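I opened my notebook to look up what a record marks in this structure and how those places are surrounded.

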Amino acid sequence: MPAVVLVGPMGAGKSTVGALLASRLGVTLRDTDEDIAAAAGKSVQDIFVDEGEAHFRAVEADAVSAALAEHDGVVSLGGGSVLADQTQVLLKEHTVVYLRVGVADAVKRVGLGSGRPLLLGNVRGRIKTLLEERAPIYESVATLIVDTDGRSAADVADELATALTALNTTE
Ligand SMILES: Nc1ncnc2c1ncn2[C@@H]1O[C@H](COP(=O)(O)OP(=O)(O)OP(=O)(O)O)[C@@H](O)[C@H]1O
Ligand SMILES: O=C(O)C1=C[C@@H](O)[C@@H](O)[C@H](O)C1
Ligand SMILES: [Mg+2]
């Protein structure tokens, strides 16, 4: 079972904080976006363009299920993975951290020229809508919520490492 599962929107820092946290905990990071891209032999962006979002979501649900079953370290999930009912059910069995980010910091982090397919056209507007739509879902699956606005990824990883150690010693 993973030590921790990271969820949150694009730009929350799941991949970046996940890598730092994994090294602090002495484990490895498994990122479902990377698993999907490696298996398909192309980027997540290209999968969206070539096969469409519905196909990506189906593949993603399987990738999440496999990562949760197989990986013992840190698992970071794609930003939209929590939309799947199957994933919401699976996450009940895990320690899940929601990396929260506001619109302004998320936009700064993903950059206006982002290659992220769901943000094409209007990065700020799309992020705002996605954050509003998904915040209740992230909250519902989270064991712990960590605010990341105005903080470095290293600072967030440090807080998480401490919080997880405390959580595991009180369980
Ligand atoms: N706390 C932070 N402070 C500043 N920059 C950050 C922070 N966390 C991540 N970043 C930067 O923001 C960008 C996006 O981070 P990252 O790719 O880790 O997000 P993500 O949550 O994995 O997004 P996605 O869902 O698109 O995979 C990266 O360039 C990263 O270096
Ligand atoms: O928030 C989302 O829906 C996404 C987030 C990324 O992690 C990728 O999985 C993809 O760009 C879609
Ligand atoms: Mg990522």
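Before listing any neighbours, I noted that two residues are in contact if their C-beta atoms, placed from the backbone, lie within 7 Å.

I am working with a predicted model, in which local features need pLDDT of at least 70, side-chain atom pairs count only at pLDDT 80 or more, and totals for chains, interfaces and linings use all residues. Residues are numbered from 1 along each chain as its sequence is written, and chains are lettered from A and ligands numbered from 1 in the order in which they are written.

Entry on the annotation. I looked up "binding site" in UniProt (unreviewed entry), which lists Gly11, Ala12, Gly13, Lys14, Ser15, Thr16, Arg116 and Arg151. These residues do not all gather at one spot, because they span 141 residues in sequence and the farthest two C-alpha atoms are 22.6 Å apart. I kept in mind that the positions use the numbering used here, that feature names are shortened, and that annotations may be inferred rather than shown by experiment.

Entry on Ser15. I found Ser15 in helix H1 (residues 14-25), where helices (H or I, at least four residues) and strands (E, at least two) are DSSP runs, numbered from the N terminus. Leaving aside neighbours within four places in sequence, Ser15 is in contact with Asp31 and Ser76.

Entry on burial. A residue is buried if 20 or more other C-beta atoms lie within 10 Å of its own, exposed if 12 or fewer, and partly exposed in between, with C-beta atoms placed from the backbone. Ser15 has 15 such neighbours and therefore counts as partly exposed, whereas Gly13 is buried, with 26.
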